[in-house]
Amino acid sequence: MEEQLQAILAETESALATVEARSQLDQIKASILGGNGKLTALMKGIASVPKEERPAFGQAVNKTKKQIENLLAQTAASLDNAEDAAALGKTADVTLPPSGNYVGGLHPLTQVKRRITLIFRQIGFTVAEATEVETEWFCFDALNTPEDHPARDEQDTLYFPKESRFGNVSKKSDEAYVLRTHTSSVQIRTMLKEKPPIRVIAPGRCFRRDTVDATHSANFHQVEGLYVDKKVTIRDLKAVLDHLLRELFGKEVKTRLRPSFFPFTEPSFEVDLFSSNLGRLSNKWIEIMGCGMVDPKVFDNVGIDPEEWSGFAFGLGIERVAMMLHGIDDIRHFYQNDLRFLSQF
Ligand code: PHE
């Protein structure tokens, strides 16, 4: 009896091994478990088994039946999987370059960031990135911004609680973590890592404790620029920024440097732009970015000799550029994910 059961089990196993379609599976199931199936026939033979052996006989048949049912279920599941895989097509190779057939589009801020990045890449700048969480030293001290500077005020800077820890950003024990208020901290990280000459831009997200209104947001984006070499002058700064602004806003724009103050540049300037082609912003001077010559104290702080090296730095708001380019009057449109707005770009 046991031999017969083993034979049926083995026969089922080998039949299932070649199954490719559900109909074959059904046939096998019928031939073993169906009304005229082999196991059913064996079970029917219980009548001729001596009474005292019947319980053991029944148990043995049931055990084999369970095993066969399990095998059938496994085969059914793998047929399901194979059907799903066939319906899904070939496995996607996620390492391949994209086909270019995107659904949707790039966010207008991403587009502007990419345009600015491309303009600088073409003139030999590389792209630097750093974390949005910064330490006070990188965000302020190294940039020659004293402890009592109003920018460091809790009204303006978002501080983390003293006990916060960020494993990927090391800090001194007595300083706090902040959300970076500008991308100028990337200047410091770059100068500590690389030896001059340096030509980098650093696009990235910044945070200030601004009240949110039509032109300010607590979360915004900047592109920082840093150029360090021998005998760099304000003329170099002006030439690079003119190139940027003409590429962005058209060849006919006029620009001017207006004296200003930043703790990390000396002298410092605001850059103004004049264009007859900027909608309601046409034909007047518009402030667009801050810049200046790297302050020798900043060079000292990162171990670059200010007698040997000089440089310029600048920072411009990506939102500001996007608003000017597209005539957008409310910064909040960028963050609300309203498709009626986004689908225009
Ligand atoms: N970090 C300044 C700001 O956020 C901009 C700036 C960058 C000015 C570099 C000068 C040089 O306003």
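Where does the ligand sit?

1. The ligand sits in the largest pocket. A pocket is an open set of points on a 1 Å grid over the protein atoms alone, with protein on both sides within 12 Å along at least five of seven lines. A molecule sits in a pocket if more than half of its atoms lie within 2 Å of its grid points.

2. This is a predicted model, in which local features need pLDDT of at least 70 and side-chain atom pairs count only at pLDDT 80 or more, while totals for chains, interfaces and linings use all residues. Residues are numbered from 1 along each chain as its sequence is written, and side-chain values use heavy atoms, with hydrogens and water left out.

3. The shell around the ligand holds 14 residues, the closest being His182, Ser184, Arg208, Gln222 and Glu224; a residue is near the ligand if one of its heavy atoms lies within 4 Å of it. By class the shell has five nonpolar, seven polar and two charged residues. Here Ala, Val, Leu, Ile, Met, Phe, Trp, Tyr, Cys and Pro count as nonpolar, Asp, Glu, Lys and Arg as charged, and the others, Gly among them, as polar.

4. S9 gives the most, with three residues. Helices (H or I, at least four residues) and strands (E, at least two) are DSSP runs, numbered from the N terminus.

5. One cavity of 30 Å³ or more is counted; a cavity is a set of grid points where a 1.4 Å probe fits but cannot get out, and its lining residues have an atom within 4 Å of a point. H7, strand S4 (198-207) and S5 each supply at least two residues of the lining of the largest cavity. Among the lining residues are Val186, Ile201 and Glu224.

6. Two cis peptide bonds deserve a look. Pro196 and Pro197 are joined by one, with omega about 0°, and Pro197 is in the loop between H7 and S4. The bond from Glu266 to Pro267 is also cis, with omega near -5°; Pro267 lies in strand S7 (residues 265-274).

Notes. Grid points are joined across faces, edges and corners, and a volume is the space filled by probe spheres set on the points.
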